[in-house]
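Here's a quick briefing to read alongside the coordinates.

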Amino acid sequence: MGWLNDVDEGTLPALAQTRAQGQSVLSLYLDLDPAQFATASARATEIDSLLDGAHREIEAGERPHEERQELRAALARAKEILGGNQGWAQGARAVALFVCQAISLERLLRLAHPVKAAFVIADAPFIAPLTESAPAGRVCVALVDERFARILRGSPSRLSEAVSFGDPVHGRHKQGGWSQARYQRSQFEDAEAHLRHVARTLHDLLRIARYDRLLVACTAPLWPRVLGKLHPDVRALVYAERLSLDVSDAGIDDVIRAAEAALAEEQRAREDVIVAELREHHARDGDGRAAVGLAAVLQALVERRVEALLYEQGVSAAGVICPRCRWMGVDAERCPVDGEELEARPSMLEEAVQAAVGQAADVLVLRDRPDLGPFGGIAATLRF
């Protein structure tokens with residue numbers, strides 16, 4: 001079974017630009033690991049525990065009265081959303097929920113990757129766990145032979161068949177000579193017409209309901225013929241290599257496994273390129289195109305120079321931030337820009353991710369690889 005993923009290319013930028021006046025945004029993450037939370041009662045227990053913790057946090061300490069009231073309203077609304085028949089849990093590996101009535105924020109996202117149950121109260125949605133899924137966005141997979149085509153859409157981990165069709169193509173001809181040659185030409189032309197039909201369908205799907213990546217499964221001889229028929233807008237989205245799947249025999253699970261493996265390999269290759277670029281720039285003294293370590297990365301984010309932010313999964317580093325202008329650093333008492341008293345944060349990762357997404361930088365979470373160890377677990381390539 002594939003998992004649903006509601007995080008697409010527009011999700012993170014939209015959430016990164018969302019901010020309230022005070023600490024009134026409630027972010028909730030629920031773990032839906034089927035090994036622990038397969039039943040509604042188990043999920044209800046987890047929800048109650050999470051909401052109880054958020055309630056204690058809201059009622060504890062000093063808060064402006066209006067802010068506390070807004071958080072109470074957000075918590076009450078979260079209880080309503082997460083209660084009932086729990087239909088939101090179907091097909092999800094985890095769930096993120098963001099609520100703030102003051103700015104009319106109410107968004108539930110189903111996730112295809114596991115997260116730890118957690119709540120965060122801040123002035124903006126807590127989005128760092130969303131970047132750890134490395135979403136491939138909306139995926140289209142076309143299984144094509146010379147007669148038939150099946151086209152599936154969805155996320156890499158959850159695909160469903162959108163359309164399938166066949167076109168008339170002449171079968172084999174036993175006679176030889178000129179008759180055989182004419183028949184083979186006719187057969188080839190019929191197959192070419194079928195491939196043009198496939199290409200038109202893929203272009204129509206792209207125009208009507210855009211996808212971000214196209215994977216094609218076909219035989220090696222057919223691969224260049226398929227590519228040659230695609231509209232340039234469609235071809236720009238094609239995964240670099242063909243998938244080896246049979247159009248008639250492959251099941252949905254077979255397609256999902258092949259798509260996930262191909263996109264994971266592509267993501268790893270992309271990480272390799274950016275890490276190599278980081279190392280190359282860092283090795284050049286005075287190059288100015290790499291920032292390594294928390295202090296340098298935060299400075300580059302403040303200067304809006306970051307092209308790609310890289311961090312190791314689970315990294316945490318304390319720092320400070322200006323509540324007025326969002327200046328960030330590792331150690332100071334007052335903002336060097338506006339003189340505002342700085343707020344200490346036990347981890348600056350969330351602030352770094354928000355700043356990176358807000359300036360259209362790539363965010364890469366490196367898993368099970370020690371590339372950033374010498375750099376304190378966080379680094380960035382820079383635009384200038």
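Accessible areas here come from the Shrake-Rupley method with a 1.4 Å probe. On that basis the chain exposes about 18800 Å², with carbon and sulfur atoms supplying 49% of it. Keep in mind that this is a predicted model.

**The chain as a whole**

- Along the principal axes, the C-alpha atoms fill a box of roughly 90 × 60 × 35 Å.
- The chain has 384 residues, and 47% of them count as buried.
- Take the contacts between residues at least 6 apart in sequence: 68% of these join residues at least 24 apart.
- On the charge side, there are 45 positive and 56 negative side chains, and the centres of the two sets sit 7 Å apart.

**Nonpolar cores**

- In soluble globular proteins, nonpolar side chains tend to be buried together.
- The largest nonpolar core here has 43 residues, and Leu111, Leu130, Leu301, Leu309 and Tyr311 are the ones with the most contacts inside it.
- Helix α11 (residues 349-358) gives this core its largest share, six residues.
- A second, separate core has 24 residues, including Phe165, Leu202, Leu222 and Leu227.
- What does Leu309 touch, once you skip residues up to four places away in sequence? The list is Val297, Ala352, Val353, Ala356, Asp362, Val363, Leu364, Ile378, Ala379 and Ala380.

**Strand pairing**

- As a reminder, strands of a sheet pair through backbone hydrogen bonds, either parallel or antiparallel.
- Strands β2 (residues 94-100) and β3 (residues 105-111) run antiparallel and are joined by seven bridges.
- β6 and β7 make a hairpin with two residues between them.
- There's also an open sheet of three strands in the order β12-β11-β13, with antiparallel pairing. Its edge strands, β12 (328-329) and β13 (343-345), each pair on one side only.
- Two bridges hold β11 (residues 319-321) against β12, and Ile321 has Met328 as its bridge partner in β12.

**Arg93**

- You'll find Arg93 in the loop between α4 (65-82) and β2.
- Is Arg93 buried or exposed? Arg93 counts as buried because its relative accessibility is 15%, and buried means under 20%.
- Leaving aside neighbours within four places in sequence, Arg93 is in contact with Trp3, Asp31, Leu32, Asp33, Pro34, Leu111, Ala112, His113 and Pro114.
- One of those partners, Leu111, is also among the residues with the most contacts inside the largest core.

**Ala42**

- Ala42 lies in helix α3 (residues 40-59).
- Setting aside neighbours within four places in sequence, Ala42 is in contact with Gln36 and Phe37.
- Leu32 is 10 residues from Ala42 along the chain, and the C-alpha atoms of the two are separated by 9.5 Å. Leu32 turns up in the contacts of Arg93 as well.

Methods. Residues numbered from 1 in each chain as written. Predicted model: local features only at pLDDT ≥ 70, side-chain atom pairs only at ≥ 80, totals over all residues. Heavy atoms only, no water. Core = buried A, V, L, I, M, F, W, Y, C linked by side-chain atoms within 4.5 Å. Buried < 20%, exposed > 50% of the residue type's maximum accessible area, 1.4 Å probe, protein only. Helix = DSSP H or I, 4+ residues; strand = E, 2+ residues; numbered from the N terminus. Contact = heavy atoms within 4.5 Å. Pairing = 2+ DSSP bridges. Lys, Arg positive; Asp, Glu negative; His and termini not counted. Charge placed at Lys NZ, Arg CZ, Asp CG, Glu CD.
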